Amino acid sequence: MKLGVNIDHVAVLREARRVNDPDILNALYVATQSGADQITIHLREDRRHIQDADAYAIMKYSNVGVNLECSINRAILDIVTDLKPHRATLVPEKREEVTTEGGLDVFGYEDEIAYAIELLHDYLIPVSLFIDPTIEAVEKSKELGAEMVELHTGAFANLYAMLNSSLPHSNHSVKELELPRHELYIRLERSILAIDEAAKHAKKIGLEVAAGHGLNYHNVHEMMKIAEITELNIGQSIIARSVFSGLSEAIKEMKRLTTR
């Protein structure tokens with residue numbers, strides 16, 4: 001399993017105080033030295049964490065591939081084509097969201113996504129689409145010309161946490177999932193099945209398959225059971241663990257959990 005370490009949250013901490021501490025390049029060096037197979041960053045339109053200068057510096061100094069997540073906004077795409085990352089992952093984006101809330105609407109924005117893929121391909125940049133785990137979204141991604149899909153695992157992660165952690169007793173409980181445990185279990189099993197079926201179909205029609213969003217040290221084992229998933233992109237849980245164990249050890253532990 002290939003592990004993409006998302007270092008956005010290092011920049012979140014830096015931007016909280018508007019200083020250059022922690023330095024995003026230090027995070028890059030530690031991540032690559034500790035076994036990250038690729039670095040993942042999200043250059044958002046609102047620049048709430050990764051800045052343009054960060055993206056350019058990471059592209060210049062990373063000795064592993066860089067997976068650059070971005071919206072289909074033309075101004076952002078122009079930066080991506082200048083950066084020429086190892087891969088661009090097209091993601092949905094809303095300024096008011098705390099984090100990416102769902103997969104890319106490959107049906108509602110078909111023309112815009114097709115244009116973005118064509119533009120990126122003109123610059124020889126492979127494209128992945130960050131989609132909800134449905135057969136329909138997988139097939140549309142293939143039709144639009146993507147080489148890869150990343151299955152959004154947020155619904156799975158929320159269900160897992162509501163069943164197996166203290167989340168229901170915290171201020172961040174997912175209100176719509178405050179349900180009887182047997183109902184949560186049924187929904188969790190269905191979410192895992194949906195990811196499994198989407199991954200298998202994607203592989204069958206010639207797409208590479210990644211997964212990400214909300215994956216952590218407690219739930220990642222479920223993704224390891226799906227052979228068609230060959231890459232995981234994980235950020236927040238690794239950075240959160242690093243507060244207590246250090247970034248290097250946090251990445252090494254995730255690598256141990258994601259080794260088949």
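1. Basis. The model is predicted, so local features are reported at pLDDT of at least 70 and side-chain atom pairs at pLDDT 80 or more, while totals for chains, interfaces and linings use all residues. Residues are numbered from 1 along each chain as its sequence is written, and side-chain values use heavy atoms, with hydrogens and water left out.

2. Cover of α7. Helix α7 spans residues 154-164; helices here are DSSP runs (H or I, at least four residues) and strands are runs of E (at least two), numbered from the N terminus. Of the 11 residues in α7, 8 are buried, and the helix is mostly covered. Buried stands for under 20% relative accessible area, exposed for over 50% and partly exposed for the range in between (1.4 Å probe, protein chains only). The buried set consists of Gly154, Phe156, Ala157, Leu159, Tyr160, Ala161, Met162 and Leu163. These residues pack against β6 (148-152), α8 and α9 (220-224), where contact means heavy atoms within 4.5 Å.

3. α7 with α8. The axes of α7 and helix α8 (residues 181-204) are 9 Å apart, at an angle of about 150 degrees. This angle makes α7 roughly antiparallel to α8. Axes are lines fitted to C-alpha atoms, for helices over the stretch in contact, and angles run from 0 to 180 degrees between N-to-C directions. Under 35 degrees counts as roughly parallel, over 145 as roughly antiparallel, 65 to 115 as roughly perpendicular, and the rest as oblique. The crossing of α7 past α8 is left-handed; that term applies if the near helix is turned anticlockwise from the far one by less than a right angle, and right-handed applies if clockwise. On the α7 side the contact uses Phe156, Leu159, Tyr160, Met162 and Leu163, and on the α8 side the residues include Leu184, Tyr185, Leu188 and Ile192. By class, this contact has 10 nonpolar, 1 polar and 2 charged residues. Nonpolar covers Ala, Val, Leu, Ile, Met, Phe, Trp, Tyr, Cys and Pro; charged covers Asp, Glu, Lys and Arg; polar covers the others, Gly among them.

4. The aromatic pair. A search of the whole structure gives 1 aromatic pair. The ring centres of Phe156 and Tyr160 are 6.0 Å apart and the planes are at 50 degrees, so the pair is tilted. Rings of Phe, Tyr and Trp (its six-membered ring) pair if their centres lie within 6.5 Å; planes under 30 degrees apart are stacked, over 60 edge-to-face, and the rest tilted. Phe156 and Tyr160 are 4 residues apart in α7, which means a separation of about one helical turn. Phe156 is buried at 1% relative accessibility, and Tyr160 is buried at 15%.

5. α5 with its neighbours. Helix α4 (residues 74-83) packs with α5 at about 20 degrees, the axes being 10 Å apart. α4 and α5 are therefore roughly parallel, and α4 passes α5 in a right-handed crossing. Arg74, Leu77, Val80 and Thr81 of α4 meet Tyr115, Ala116, Leu119 and Leu120 of α5. That contact has 6 nonpolar, 1 polar and 1 charged residues. The axes of α5 (residues 110-122) and helix α6 (residues 135-144) come within 10 Å and cross at roughly 50 degrees. α5 and α6 are therefore oblique to each other, and their crossing is right-handed. Here Glu110, Ile113, Ala114 and Ile117 of α5 touch Lys140, Glu143 and Leu144 of α6, a contact with 4 nonpolar, no polar and 3 charged residues.

6. Backbone points to check. Most residues other than glycine have a negative phi, and most peptide bonds are trans. The Asp21 to Pro22 peptide bond is cis, with omega near 5 degrees, and Pro22 sits in the loop between α1 (8-17) and α2. Arg47 has a positive phi near 50 degrees. Arg47 belongs to the loop between β2 (38-42) and α3 (52-61) and is partly exposed at 23% relative accessibility. His213 also has a positive phi, near 110 degrees, and lies in the loop between β7 (208-212) and α9.

7. Two single residues. Ser242, in helix α10 (residues 236-245), is buried at 17% relative accessibility. Leaving aside neighbours within four places in sequence, Ser242 contacts Leu247 and Ala250. Asn26, in helix α2 (residues 24-33), is partly exposed with a relative accessible area of 47%. Asn26 and Val10 are 16 residues apart in sequence, with a C-alpha to C-alpha distance of 9.7 Å.
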